[in-house]
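This briefing covers selected local features of one protein chain.

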Amino acid sequence: MEMNWSVAPQAILDMGLVGVFTVCLPLGLGLLFRTRTGGRRRFFLMGCVVFPLFALGLEGAVNRSVLYGPLGSTVTGNVWLYALFGGTMAGIFEECGRWAAFRLTRRWSRGPEDALMYGAGHGGIEAVLLAGTAMFNNLALSIALNRSGLEAVEAMMGPIPESSL
């Protein structure tokens, strides 16, 4: 059975707009907070460093060691335990990252304007790394699918398992 694999042009446009939006909005917020409130760039950059370090780096290492270790099948086999584990790890590492950043920078801070800059950097890099890269990846795959079909996508990603078709 031959299938027509294509993505609607409107969906491609939407993916591109979401990708651009997730990159431009955090930068725009940083510029807005800097000009309107006088927030400093170092707090924006601190937020951009803390999220990947704590949430993606340290939390990712703990997740890999637990989920691929001896307890992995127990945790992933129970949806409630898996959800509890995931939520707890995200909470611990994100909040500890924020605590460490605020503890480190509290003697330099002039007030709420610096906290706004930190928040724009922290949330901004999260949007760029998680949503923005996913949208640009989906966009590239959609364009490849529309231009050359499933063979182009397989060339980019590897073969699609027969069980998922």
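**Aromatic pair and helix geometry**

Phe 102 counts as partly exposed, because its relative accessibility is 39%, a value between the 20% and 50% cut-offs. The model is predicted.

Aromatic pair
- The count of aromatic pairs in the model comes to one.
- Phe 102 and Tyr 118 form this pair, which is tilted, with 4.9 Å from centre to centre and 55 degrees between the planes.
- Phe 102 belongs to helix α4 (residues 79–105) and Tyr 118 to helix α5, so the pair ties together parts that are 16 residues apart in sequence.
- Tyr 118 is buried, because its relative accessible area is 4%, and the cut-off for buried is under 20%.

Helix α5
- Helix α5 covers residues 112–148, and its 37 residues should span 54 Å at 1.5 Å a residue.
- At Val 128, α5 bends by about 30 degrees.

Surface patch
- Phe 21, Leu 25, Leu 29 and Leu 32 make a nonpolar surface patch of about 340 Å².
- Phe 21 is found in helix α1, which comprises residues 9–37.
- With a relative accessible area of 52%, Phe 21 is exposed, because the cut-off for exposed is over 50%.
- In an α-helix, residues three or four places apart point the same way, because there are 3.6 residues a turn.

How values were computed
Residues numbered from 1 in each chain as written. Predicted model: local features only at pLDDT ≥ 70, side-chain atom pairs only at ≥ 80, totals over all residues. Heavy atoms only, no water. Patch = residues over 30% accessible without salt bridge, like charges linked within 9 Å, V, L, I, M, F, W, Y side chains within 5 Å. Areas by Shrake-Rupley, 256 points an atom, 1.4 Å probe, with all protein chains shown as cover. Salt bridge = Lys/Arg side-chain N within 4 Å of Asp/Glu carboxyl O. Helix = DSSP H or I, 4+ residues; strand = E, 2+ residues; numbered from the N terminus. Buried < 20%, exposed > 50% of the residue type's maximum accessible area, 1.4 Å probe, protein only. Expected span 1.5 Å × (residues − 1). Bend = angle between axes of the 7 residues up to and from the residue. Phe/Tyr/Trp six-rings, centres within 6.5 Å; stacked < 30°, edge-to-face > 60°.
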